[in-house]
Amino acid sequence: IGTARQIAFDAADNIYVISAATERLRIYSLGLTTTATTGSDGTFSLTTPSTTVSVTADTDTIYESGTPATTSVLTMVRANDPLTDPLTVSFSTGGTAVRGSDYVLQTNGVTVTGNSIIMPAGVDTVAISLVVSNDTTPELTETATLSITGTTIYSSGTPNSAAVAIV
C-alpha cells in the first residue's frame, strides 16, 4: 500500500484529504483563521493562531426607554497574546435590530462606525457599549448581535459572539 495523499480545497475553506495508506477521507473545516501548508516532500500541516479574542455581554436585555438598562457593555478579551503590539479586532453585527437606527456601538463615548476596533498594546480587555436609540415607533423585541471575525493573526475565542435583546 502506498503512502500517497490527495488534497482538494473548496470555496467554503474546507480541505479534503484522501490517504491511500488508510483509505480514509478526512475533512478539515478551516474557517478564516487556519492556514494550511503543504510541502514538496508531501508534508501537510494546519496552523491556527494561538491568540484568541472573545466577547461577552453584561446583560442580555436592554430597553428603549426608562429603566432598567438602556445600555449593554460588550467586553472583548484577547488571550494567549504577549500584548506587545496593538491588535485590530474585526467583527460583524447582525440580528433584527438595525445598527445606526436601533442602536449604536461606542467606546469611550465615541461611536464606532466601522467593523473593527484597535486593542492598544498592553491592553487585553476593551469595553464596547451597545447604546439603544430611543425611538417612538412601537416595535416587537429586536436582537443585536456582535460576532468576532477571526483573521490569520488571531482566532475567534469562546464565546465568539454576544446577543442582546432590545425591548
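Q: How much space lies in the largest cavity?
A: The model is a predicted one, and its largest cavity holds about 40 Å³ of space.

Q: How many cavities of 30 Å³ or more does the count come to?
A: The count comes to 1 cavity of 30 Å³ or more.

Q: Which residues line the largest cavity?
A: The lining consists of Leu74, Thr93, Tyr103, Leu105, Leu130, Ala144, Thr145, Leu146 and Ala162.

Q: And how do the residues of that lining divide into nonpolar, polar and charged?
A: There are 7 nonpolar and 2 polar residues in the lining, and no charged ones.

Q: Which strands each supply at least two residues of the lining?
A: Those are strand E10 (103–107) and strand E14 (142–149). The largest share, 3 residues, comes from E14.

Q: Staying by E14, where is Tyr154 found?
A: Tyr154 sits in the loop between E14 and strand E15 (155–156).

Q: Is Tyr154 buried or exposed?
A: Tyr154 counts as buried, because its relative accessibility is 0%, and the cut-off for buried is under 20%.

Q: How far apart are Tyr154 and Thr88?
A: They are 66 residues apart in sequence, and their C-alpha atoms are 9.6 Å apart in space.

Q: Now the surface. Which residues form a nonpolar patch there?
A: Ile18, Leu25 and Ile27 form a nonpolar patch, and together they have about 290 Å² of accessible area.

Q: Where is the place of Ile18, then?
A: Ile18 belongs to strand E2 (residues 14–19). Its relative accessibility is 39%, so Ile18 counts as partly exposed.

How values were computed:
Residues numbered from 1 in each chain as written. Predicted model: local features only at pLDDT ≥ 70, side-chain atom pairs only at ≥ 80, totals over all residues. Heavy atoms only, no water. 1 Å grid on protein atoms, 1.4 Å probe; cavity = no way out; pocket = protein on both sides within 12 Å on 5 of 7 lines; lining within 4 Å. Points joined across faces, edges and corners; volume = space filled by probe spheres on them. Helix = DSSP H or I, 4+ residues; strand = E, 2+ residues; numbered from the N terminus. Nonpolar A, V, L, I, M, F, W, Y, C, P; charged D, E, K, R; others polar. Patch = residues over 30% accessible without salt bridge, like charges linked within 9 Å, V, L, I, M, F, W, Y side chains within 5 Å. Areas by Shrake-Rupley, 256 points an atom, 1.4 Å probe, with all protein chains shown as cover. Salt bridge = Lys/Arg side-chain N within 4 Å of Asp/Glu carboxyl O. Buried < 20%, exposed > 50% of the residue type's maximum accessible area, 1.4 Å probe, protein only.
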